[in-house]
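Here is a short briefing on a predicted model.

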Amino acid sequence: MSDILRELLCVSEKAANIARACRQQEALFQLLIEEKKEEEKNKKFAVDFKTLADVLVQEVIKQNMENKFPGLEKHIFGEESNEFTNDLGEKITLRLCSTEEETAELLSKVLNGNKVASEALARVVHQDVAFTDPTLDSTEINVPQDILGIWVDPIDSTYQYIKGSADIKSNQGIFPCGLQCVTILIGVYDIQTGVPLMGVINQPFVSRDPNTLRWKGQCYWGLSYMGTNMHSLQLTISRRSGSEIHAGNTGSEAAFSPSFSAVISTSEKETIKAALSRVCGDRIFGAAGAGYKSLCVVQGLVDIYIFSEDTTFKWDSCAAHAILRAMGGGIVDLKECLERNPETGLDLPQLVYHVENEGAAGVDRWANKGGLIAYRSRKRLETFLSLLVQNLASAETQT
């Protein structure tokens, strides 16, 4: 299994290179920000470039994994389709070719003959990427490849990616918007049980060199399988001060302090926000991107990511869920948590990744219908839920 995880880290870095190239190479950047009016649109132009960047990242991940692990591609699922049809009815299927030149030629068909952009993209797609992690390199865990399914979100928070704000200031380490909220999400789950086993979150835009204006990223991973739990933050957590360890739930008494912090969507319901303000006080942070908000929990910047709507999907949550499981946390269904009686002793309703929503169509088949809560500490989650339920009930009584 560590071989598969190692390869996922490599392909996530290649994907991050594509995402950065589209913002940093002039020929690609002009396409990224270009918004053609309908009457100006060339009928041969198969797809807007925003979608192409997404699809290209997804195909790089799928085809690199298939090359290394034959047969795995049929178990890789993502948000995007790789088929484009232009206004003349011509269909183009985007696949990576065996050579850089062939890929450039195929991309040129999608990009209406833009040779400079096609060659620039093909170059970064075929570039070799190495990724090493001492913790992972020293581990050998074997799991049957045929039980693995993979969810991919090629570029989460596409709006922030296109907008491209680079000078947003963080609030206690949390960015409300901007390129820092963009993530590449790869989650591996057991297709028989739906339990997340491995996760990779690549954050392509973490810091920018003030001289070259080039971005550097950061990659996070976790593995939870058959009693083995490992993650990329293990060394970081052990070196932290006591106050920071509190957020990471390392077993100290401070980890169970009743004061909570949460990250939420700006579109969160007013009833949830009102209840949260009673539980968390002023330690509520708004941020863009489901992947990034989950990452804030992984990093220990907040205790909880809570979202009450049904507009996140399996590809949004699977990667972070696997990493959080490796840390002793998880992601649960919010609606079921609010309806659950803790005294029954029933386990928390963890999200699973192998079952479609009954009666749903299109992407809604894979929506997290009951909303979600991401957390690092089971005990703190139980306390948080108890307080949240109380405050939601009192809010309903007052209305």
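**Basis**
- In this predicted model local features need pLDDT of at least 70, side-chain atom pairs count only at pLDDT 80 or more, and totals for chains, interfaces and linings use all residues.
- Residues are numbered from 1 along each chain as its sequence is written, and side-chain values use heavy atoms, without hydrogens and water.

**Around D153**
- D153 sits in strand β4 (residues 148-156); strands are DSSP E runs of at least two residues, helices H or I runs of at least four, numbered from the N terminus.
- Leaving out residues up to four places away in sequence, D153 touches E79, T183, I184, L185, W315 and D316 (heavy atoms within 4.5 Å).

**Open sheet**
- The order is β10-β9-β11-β13-β12, with mixed pairing; strands pair if DSSP finds at least two bridges between them.
- β10 (284-286) and β12 (330-332) are the edges, each with a single partner strand, so one side of each has no neighbour in the sheet.
- Parallel strands β9 (residues 262-264) and β11 (residues 304-307) are joined by 2 bridges.

**Hairpin**
- Antiparallel β7 (residues 215-225) and β8 (residues 228-231) share 4 bridges.
- S224 has N229 in β8 as its bridge partner.
- With 2 residues between the strands, M226 takes a positive phi near 50°.
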